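Please examine the following structure together with its sequence.

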Amino acid sequence: MSVSAAGYLRISSADVGAWMDFGTGVLGLMDAVREDADGARFLRMDDHPFRFMIEPGDTDKLLAAGLECPDRHAWQNTLNRLEDAGHSVMVGSSDEAKRRCVTEFASLEDPAGNTLELYWGRELDYTPLVSPAGIPFFVTSDQQSGDLGFGHMVLPAPDIETATAFYTELIGTGITDILYPPGMGGLKINFMHTNNARQHSIALFGGEHPLGIVHMMIEVPSLDELGQAMDRAKAAGAHFLATLGRHVNDNMCSVYILAPGGIAVEYGYDGLLIDPETYVATVSSEGDLWGHEYNFPGV
Ligand SMILES: [Fe+2]
């Protein structure tokens with residue numbers, strides 16, 4: 001197991017200001033003010049210098065997912081394993097690493113074309129987190145298991161078996177649940193944990209997605225924080241992609257809200273923590289214990 005956590009996302013936005021207003025005003029994330037030559041803005045959840053980098057672009061899409069390695073040795077071993085298997089890996093320059101506040105990173109594509117950035121050695125920001133929405137903390141760490149990462153991401157992978165083998169055999173994730181959502185014609189979603197207690201940090205969706213990410217999830221500590229976010233989203237006129245519900249596999253009680261530009265954000269609490277060394281994978285034929293009625297815009 002080489003990857004510790006889902007560390008950060010780099011997101012392209014056609015309206016960075018609107019995304020930041022959503023990120024701070026609705027999601028309650030902290031604007032981490034820092035200079036960036038390319039006009040990116042940064043959102044913090046904890047003492048990581050940022051968890052989401054919002055970069056100006058023509059369209060909204062996921063640019064890259066940052067995956068954290070525990071140290072240089074594990075990072076280099078993972079790169080060697082990828083190169084030995086025939087994948088091309090590009091080590092970033094020191095300026096590019098500095099922009100990400102990491103010691104070293106390398107970028108590569110998974111078999112579905114999703115861009116990953118494997119990194120180690122993050123420079124932390126000890127300025128106290130002040131959520132503009134008054135959220136005391138986001139669930140990104142656990143007293144026993146340490147870093148849980150920012151949350152989770154679901155990435156498109158039409159050839160799901162090839163992509164899953166890449167993650168489990170080369171990146172070092174472990175399967176926690178295989179979901180066949182009812183009424184979806186055999187669609188499959190593979191949920192995978194990294195080396196922390198979050199039930200899944202990365203999931204692969206067996207289909208295409210125009211934005212390069214099916215959804216991203218962030219977690220707050222209580223139902224009240226979730227309910228208050230729902231109020232803020234409603235007041236801001238945000239589109240709810242799914243009503244309140246609770247997932248079968250990771251127990252997450254959540255809603256799905258669309259960010260400006262359309263990326264879906266799952267906002268939840270009460271996610272399941274596991275022991276990644278001993279957890280036994282499950283197969284689910286239902287996505288939800290209750291709720292999560294979907295409302296796709298324009299449908
Ligand atoms: Fe999710």
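## Strands around S5

Strand S1 (residues 5-13) pairs with strand S5 in the antiparallel sense over 7 bridges; strands, like helices, are DSSP runs numbered from the N terminus (E, at least two residues, for strands; H or I, at least four residues, for helices), and two strands pair if DSSP finds at least two bridges between them. Within this pairing, Ala5 stands opposite Glu68 of S5. S5 is also joined to strand S8 (residues 115-122) by 4 bridges, and these two run parallel. Here Leu67 has Leu118 in S8 as its bridge partner.

The model is predicted: local features need pLDDT of at least 70 and side-chain atom pairs count only at pLDDT 80 or more, while totals for chains, interfaces and linings use all residues. Residues are numbered from 1 along each chain as its sequence is written, and side-chain values use heavy atoms, with hydrogens and water left out.

S5 (residues 61-68) is mostly covered, with 6 of its 8 residues buried. Buried means under 20% relative accessible area, exposed means over 50%, and partly exposed lies in between (1.4 Å probe, protein chains only).

## The open sheet

An open sheet of 10 strands has the order S19-S12-S13-S14-S11-S15-S18-S17-S16-S20, with mixed pairing. Its edge strands, S19 (282-284) and S20 (288-291), each pair on one side only. From one strand to the next the twist averages 25°; the axes are lines fitted to C-alpha atoms, for helices over the stretch in contact, and angles run from 0 to 180 degrees between N-to-C directions.

S11 and strand S14 (residues 202-205) run parallel and are joined by 4 bridges. Pro156 has Phe205 in S14 as its bridge partner.

## The iron site

The iron ion has His152 (NE2), His215 (NE2) and Glu266 (OE) as its protein donors, lying 2.0 to 2.2 Å from it. Donors are N, O and S atoms within 2.8 Å of the metal (3.2 Å for Na, K and Ca); water is not among the atoms, so sites may look incomplete.

In sequence, the donor residues follow the spacing H-x62-H-x50-E. His152 in strand S11 (residues 152-156) and Glu266 in strand S18 (residues 264-269) link distant parts of the chain, 114 residues apart. His152 is buried at a relative accessible area of 1%, and Glu266 is buried at 0%.

## The cavity

The structure holds 1 cavity of 30 Å³ or more. A cavity is a set of points, on a 1 Å grid over the protein atoms alone, where a 1.4 Å probe fits but cannot get out; lining residues have an atom within 4 Å of a point. The largest cavity has a volume of about 40 Å³, a volume being the space filled by probe spheres set on the points, which are joined across faces, edges and corners.

Residues lining the largest cavity include His152, Arg198, Glu219, Asp250 and Met252.

## Positive phi values

Cys101 has a positive phi near 60° although it is a residue other than glycine. Cys101 lies in the loop between helix H3 (94-99) and strand S7 (102-109), and it is buried at 4% relative accessibility.

Asn251, also not a glycine, has a positive phi of about 65°. Asn251 lies in the loop between strand S16 (240-247) and strand S17 (253-258) and is partly exposed, with a relative accessible area of 26%.

Notes:
On a 1 Å grid over the protein atoms alone, a cavity is a set of points where a 1.4 Å probe fits but cannot get out, and a pocket is an open set with protein on both sides within 12 Å along at least five of seven lines; lining residues have an atom within 4 Å of a point.
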